[in-house]
Amino acid sequence: MTIRLQYSDYCKTDWVTRFAPSPTGALHLGHVASALFGWRFAQPHGQWLVRMEDIDPQRCKPAFAAGILEDLAWLGLVPAGPVLYQSTRMAAYREALDVLAGMGVLYPCFCTRSDIARESAAMFSAPHTAPDGSLLYPGRCRHLGAQERLRRMEAGQPYVLRLNMERAVEQARRLVAEQQGIWPLVYHDLACGPVPCQPDLFGDVVLARRDVPASYHLCVTYDDAAQGITLVTRGEDLCAATSLHRLLQTLMGWPAPAYAFHPLLRDTTGRRLAKRDGALSVRAMRESGLSAEQVRQKALFECAAHGAIKAP
């Protein structure tokens with residue numbers, strides 16, 4: 001199978017890439033396109049790995065993970081190493097959170113989502129939002145004293161752990177200066193070159209919750225380092241979040257991979273393909289009689305239509 005990418009002029013032959021689905025449903029065509037996008041960069045001498053981002057125990061199910069791996073094997077996409085399951089790495093994420101707490105860049109936040117929405121609505125100006133569309137946290141708990149925080153925690157009041165963005169950026173700046181590096185931070189996009197980072201646009205993001213002990217942002221960044229990923233391939237909807245990930249990499253001393261982004265596959269109404277909207281699954285295509293090659297080519301055709309992969 002030959003796949004030609006828009007990024008072909010930048011391709012090495014030994015990238016370590018990964019495909020990291022959340023096992024909350026069946027594999028669909030958008031997943032296949034994303035998997036192929038990363039797989040191609042690893043050919044012929046690199047490694048293509050698989051990671052199950054299954055930190056949400058309510059939505060992620062072992063049966064979905066098994067089905068995804070079965071569909072990938074049917075498509076001929078076999079990882080070069082063991083599958084990493086985030087659900088087995090909670091102790092490692094806890095250690096990372098402890099390191100950040102020791103830097104003084106984490107704090108407990110006792111506000112509920114409704115508290116944040118009410119406070120944002122009460123502002124004289126329009127509520128500010130992060131690049132992912134979420135409301136920026138107004139900062140009510142940022143200035144609580146140590147005794148008040150302890151009192152609330154001992155009383156059993158639910159809380160999340162937020163990154164104090166201002167302190168985190170200051171700490172990262174100091175670390176970069178100590179290493180005689182260049183500020184501001186950048187990430188390297190294979191198509192665009194160095195891209196300046198703006199993690200402050202996300203405000204004081206949540207890095208851990210009671211029901212999910214570590215957030216996507218922390219887990220994905222840590223696991224890219226743990227798996228030795230040298231090229232992160234991801235959808236263009238995560239371009240902005242990459243700035244936040246570079247900040248965490250700097251704070252924790254994790255290596256900075258390169259990045260390549262692909263457009264999202266969408267249905268005829270313009271909505272991105274998603275499990276929750278009933279996107280046609282690979283299993284359904286298999287059962288309809290399509291071959292693995294036909295499904296791969298269908299994914300490549302859709303990618304070409306969206307500008308992610310040039311048609312062979």
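How many residues does helix α6 have, and how far does α6 reach from its first C-alpha to its last? In this predicted model, helix α6 (residues 165-178) has 14 residues and reaches 20 Å between those two atoms, close to the 20 Å expected at 1.5 Å a residue. The expected span is 1.5 Å times one less than the number of residues in the helix. Helices (H or I, at least four residues) and strands (E, at least two) are DSSP runs, numbered from the N terminus.

Residues are numbered from 1 along each chain as its sequence is written, and side-chain values use heavy atoms, with hydrogens and water left out. Because the model is predicted, local features need pLDDT of at least 70 and side-chain atom pairs count only at pLDDT 80 or more, while totals for chains, interfaces and linings use all residues.

The chain has 10 helices and 12 strands. Of its 312 residues, 47% count as buried; buried means under 20% relative accessible area, exposed over 50%, and partly exposed in between (1.4 Å probe, protein chains only). Among contacts between residues at least 6 apart in sequence, 80% join residues at least 24 apart, where contact means heavy atoms within 4.5 Å.

In α6, the buried residues are Met165, Ala168, Val169, Gln171, Ala172, Leu175 and Val176. They cover an arc of only 165° around the axis, which puts them on the same side of α6. The arc is that of the directions from the helix axis to the C-beta atoms. An α-helix has 3.6 residues a turn, so residues three or four places apart point the same way. The buried residues of α6 pack against β6 (160-163) and α8 (241-252). Glu166, Ala177 and Glu178 are exposed, on the face of α6 turned away from its buried side. Just after α6, glutamine 180 has a positive phi of about 55°.

Helix α3 has 13 residues and reaches 18 Å from its first C-alpha to its last, close to the 18 Å expected at 1.5 Å a residue. Its buried residues are Ala92, Tyr93, Ala96, Leu97 and Leu100. These cover an arc of only 140° around the axis, which puts them on the same side of α3. They pack against β5 (106-109), β9, α7 and α8. On the other side of α3, the exposed residues are Ala91, Glu95 and Gly102. Alanine 91 counts as exposed because its relative accessibility is 55%. Alanine 91 and proline 213 are 122 residues apart in sequence, and their C-alpha atoms are 9.6 Å apart in space.

Two packed helices are described by the angle between their axes and the distance between the axes. Axes are lines fitted to C-alpha atoms, for helices over the stretch in contact, and angles run from 0 to 180 degrees between N-to-C directions. Angles under 35 degrees count as roughly parallel, over 145 as roughly antiparallel, 65 to 115 as roughly perpendicular and the rest as oblique. The axes of α3 and α8 come within 11 Å and cross at roughly 80°. That makes α3 roughly perpendicular to α8. This contact is made by Ala96, Val99 and Leu100 of α3 and by Leu248, Leu251 and Met252 of α8. The axes of α3 and α7 come within 11 Å and cross at roughly 105°. Helices α3 and α7 are therefore roughly perpendicular to each other. Residues in this contact include Tyr93 and Leu97 of α3, and Leu218 and Tyr222 of α7.

Eight of the 11 residues of α7 are buried, so α7 is largely enclosed by the rest of the structure. Among them are His217, Leu218, Thr221 and Asp224.

The largest nonpolar core has 43 residues, and those with the most contacts inside it are Leu100, Leu163, Leu207, Leu218 and Leu247. A nonpolar core is a set of buried Ala, Val, Leu, Ile, Met, Phe, Trp, Tyr and Cys residues joined through side-chain atoms within 4.5 Å. Elements that each supply at least two residues of this core include α3, α6, α7 and α8. Apart from it lies another core, of 23 residues, among them Trp39, Ala65, Leu265 and Val295.
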